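Keep the structure open as you read.

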Amino acid sequence: MTTTHSDVTSDLQPALVVQGVRKTFEAELAPVRALRGVDLTVERGSFIALMGPSGCGKSTLLNLIAGLEEVDEGTINVAGESMSDGTEDTHALIRRKHIGIVFQFFNLLEGMSVLENVALPAIIAGKNRKSAESRARDLLDLLGIADKASEMPGVLSGGQRQRLAIARALANEPTLLLADEPTGALDSVGGQEVIELLSRLHAQGQTIILVTHDASVAKAADTVLRMRDGRILGDSDVVTNETVTAIGTL
Ligand SMILES: Nc1ncnc2c1ncn2[C@@H]1O[C@H](COP(=O)(O)OP(=O)(O)OP(=O)(O)O)[C@@H](O)[C@H]1O
Ligand SMILES: [Mg+2]
């Protein structure tokens, strides 16, 4: 494969740079200021856990990073490409190229086989079916569910379903894997499987941002950031993994 100049440039950029991001939602009673000035740089290869009380803006931040919602103010750059300037269409292209997303409730396509679920994002991104399915098989193998390739998602366990969702999120070799409470709907065994998998992906160099309410899950990350009231708490407030361990025992 040849490497173009722009690829080289984008490879040198941090996986993510968020600067001064604000987002307000209109609501019936009063506007909700979901993000009130978020700054965040994520270097390639890091594994960040984002924690904080319900409603503090964690999912909103992930949705903005993924270009699923538009910022009101501030900038977001993913691998040097802007997810804040430009149109929804350009954001969709950047998302396809650089971002994989895993949600709490899997969002699988129940009418398609396990293999088709994983191959689809690459087909949408323009790969031919054969190479998309070949990459999908490799991913299912990596994630330990290769034997389920021709099954429908409905027969999988919760942990297997989430591994399938992760395989699908990795289909286009994303710069950044975003996971919003991926263990939230799983029992402890399923949750553990998912965390071990994320740790393995991180060890292979995958950049990950993981939102979780569970301190024992956050321990898998190399940095834990805390959010409150639409802001990421400053360096002096950042909770270390030792603190998380302590909180987990309370
Ligand atoms: N589309 C929307 N319309 C109106 N308000 C919204 C919308 N999305 C989020 N909010 C509000 O923005 C705030 C932040 O929500 P967000 O979903 O980001 O929180 P969260 O930290 O992910 O919470 P949880 O831990 O419960 O998932 C909340 O007050 C929420 O009600
Ligand atoms: Mg949320």
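Predicted model: local features only at pLDDT ≥ 70, side-chain atom pairs only at ≥ 80, totals over all residues.

How many of the residues of β3 are buried? It's 5 of the 5, so the strand is largely enclosed by the rest of the structure. Side chains in a regular strand alternate between the two faces of the sheet. In β3, Phe47, Ala49 and Met51 point one way while Ile48 and Leu50 point the other, and all are buried.

## The six-stranded sheet

β3 belongs to an open sheet of 6 strands, ordered β6-β7-β8-β3-β9-β10, with mixed pairing. Its edges are β6 (99-102) and β10 (231-232), each of which pairs on one side only. At the β6 end, 4 bridges link β6 to β7 (residues 176-180), and the two run parallel. Val102 stands opposite Ala179 in β7.

Helix α6 packs on this sheet and touches β6 and β7, with its direction at about 165 degrees to that of β6.

## Two helices side by side

α6 (residues 158-169) also meets α4 (residues 114-124): their axes come within 7 Å and cross at roughly 30 degrees. An angle under 35 degrees counts as roughly parallel, and α4 and α6 are therefore roughly parallel to each other. On the α4 side, the contact uses Val114, Asn117, Val118 and Pro121, and on the α6 side Leu164, Ala167 and Arg168. By class, that contact has 5 nonpolar residues, 1 polar and 1 charged.

## The four-stranded sheet

There's a second open sheet to look at, with 4 strands in the order β2-β1-β4-β5 and antiparallel pairing. β2 and β5 (81-82) are at the edges with a single partner strand each, so one side of each has no neighbour in the sheet. Further in, β1 (residues 16-25) and β4 (residues 73-78) pair antiparallel over 5 bridges, and Val18 stands opposite Ile76 in β4.

Helix α2 packs on this sheet, touching β1, β2 and β4, and its direction makes about 120 degrees with that of β1.

## Around ligand 1

Which residues surround ligand 1? The shell consists of Phe25, Ala27, Val32, Ala34, Gly52, Ser54, Gly55, Cys56, Gly57, Lys58, Ser59 and Thr60. β2 (32-42) and α2 (58-65) each supply at least two of the shell residues, and α2 gives the largest share, with 3 residues. Sorted by class, the shell has 5 nonpolar, 6 polar and 1 charged residues.

## A closer look at Ile94

One last stop is Ile94, found in helix α3 (residues 88-98). Is Ile94 buried or exposed? Ile94 has 21 C-beta neighbours inside 10 Å, so this residue counts as buried.

Leaving out residues up to four places away in sequence, Ile94 touches Gly67, Val78, Glu81 and Met83. Ala66 is 28 residues from Ile94 in sequence, yet the C-alpha to C-alpha distance between them is 8.6 Å.

Definitions and conventions:
Residues numbered from 1 in each chain as written. Chains lettered and ligands numbered in written order. Near = placed C-beta within 6 Å. Nonpolar A, V, L, I, M, F, W, Y, C, P; charged D, E, K, R; others polar. Axes fitted to C-alpha atoms, helices over the stretch in contact; angles between N-to-C directions. Parallel < 35°, antiparallel > 145°, perpendicular 65-115°, else oblique. Contact = placed C-beta atoms within 7 Å. Pairing = 2+ DSSP bridges. Buried ≥ 20, exposed ≤ 12 C-beta atoms within 10 Å, placed from the backbone.
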